[in-house]
Amino acid sequence: MEQIVKCLLLKNDTVLITEIVEVGADIGEPDCKLTKPFVLKKQSEEYYLEPWIDFSPQTEYMISSESILTLADPTPDLLSKYFEMIA
């Protein structure tokens, strides 16, 4: 399966970079699997990544697509930083 990495803007204004896969689910159930999500933060003119949920050893999380406002392709530089973080 091809790895799809996207930037997600969530309804709570959090921006994530993560591998994302849409999964079949019943209405109202989580229908997106996020693998190794990181929060995108900006300090001065530099972006950096922090673990999304740092109190859990999990690397996969299920969320509802209704929580996502939009998806975008990461820049090559950001994608490189992400792959460094998950290596």
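1. Lys-6 and Asp-73 form a salt bridge, with 2.4 Å between the closest N and O atoms. The term salt bridge stands for a side-chain nitrogen of Lys or Arg within 4 Å of a carboxyl oxygen of Asp or Glu. Lys-6 belongs to strand β1, whereas Asp-73 sits in the loop between β6 (68–72) and α1, so this contact ties together parts that are 67 residues apart in sequence. Lys-6 is partly exposed at 22% relative accessible area, and Asp-73 is exposed at 59%. Here buried means under 20% relative accessible area, exposed means over 50%, and partly exposed is in between (1.4 Å probe, protein chains only). Helices (H or I, at least four residues) and strands (E, at least two) are DSSP runs, numbered from the N terminus.

2. The model is predicted: local features need pLDDT of at least 70 and side-chain atom pairs count only at pLDDT 80 or more, while totals for chains, interfaces and linings use all residues. Residues are numbered from 1 along each chain as its sequence is written, and side-chain values use heavy atoms, with hydrogens and water left out.

3. The count of salt bridges is four. Among them is the pair of Glu-46 and Lys-81, whose closest N and O atoms are 3.8 Å apart. This pair also links distant parts of the chain, since Glu-46 is in strand β4 (residues 46–51) and Lys-81 is in helix α1, 35 residues apart. Glu-46 is exposed, with a relative accessible area of 53%; Lys-81 is partly exposed, with 22%.

4. Another of the salt bridges joins the side chains of Glu-45 and Lys-42, at 4.0 Å from N to O. Glu-45 is exposed at 66% relative accessibility, and Lys-42 is partly exposed at 48%. As a general point, side chains of opposite charge can pair when their charged atoms come close.

5. Aromatic pairs number three. The rule takes rings of Phe, Tyr and Trp (its six-membered ring) with centres within 6.5 Å; planes under 30 degrees apart count as stacked, over 60 as edge-to-face and the rest as tilted. Phe-38 and Tyr-82 make an edge-to-face pair, at 6.0 Å centre to centre with 85 degrees between the planes. Phe-38 is in strand β3 and Tyr-82 in helix α1 (residues 76–86), so the pair links distant parts of the chain, 44 residues apart. Both residues, Phe-38 and Tyr-82, are buried. Ring pairs also bring Phe-83 into a cluster with Phe-38 and Tyr-82.

6. Trp-52 and Tyr-61 are a further aromatic pair. Their ring centres are 5.5 Å apart and their planes stand at 80 degrees, so this pair is edge-to-face. Trp-52 is partly exposed, with a relative accessible area of 24%, whereas Tyr-61 is buried, with 10%.

7. A search of the whole structure for disulfides finds zero, where a disulfide is a pair of cysteine sulfur atoms within 2.5 Å. For Cys-7, the nearest cysteine sulfur is that of Cys-32, 15 Å away. Cys-32 is likewise in no disulfide, its nearest cysteine sulfur being that of Cys-7. Cys-7 is buried at 12% relative accessibility, and Cys-32 is buried at 6%.

8. Two backbone angles deserve a look. Asp-13 has a phi near 70 degrees, a positive value in a residue other than glycine. Asp-13 is placed in the loop between β1 (5–10) and β2 (15–22) and is exposed, with 62% relative accessibility. Lys-36, also not a glycine, has a positive phi of about 50 degrees. Lys-36 is in strand β3 (residues 32–43) and is partly exposed, with a relative accessible area of 32%. In general, most residues other than glycine have a negative phi.

9. Glu-22 is located in strand β2 and is exposed, with a relative accessible area of 67%. From Glu-22 to Glu-50 the separation is 28 residues in sequence and 23 Å in space, C-alpha to C-alpha.
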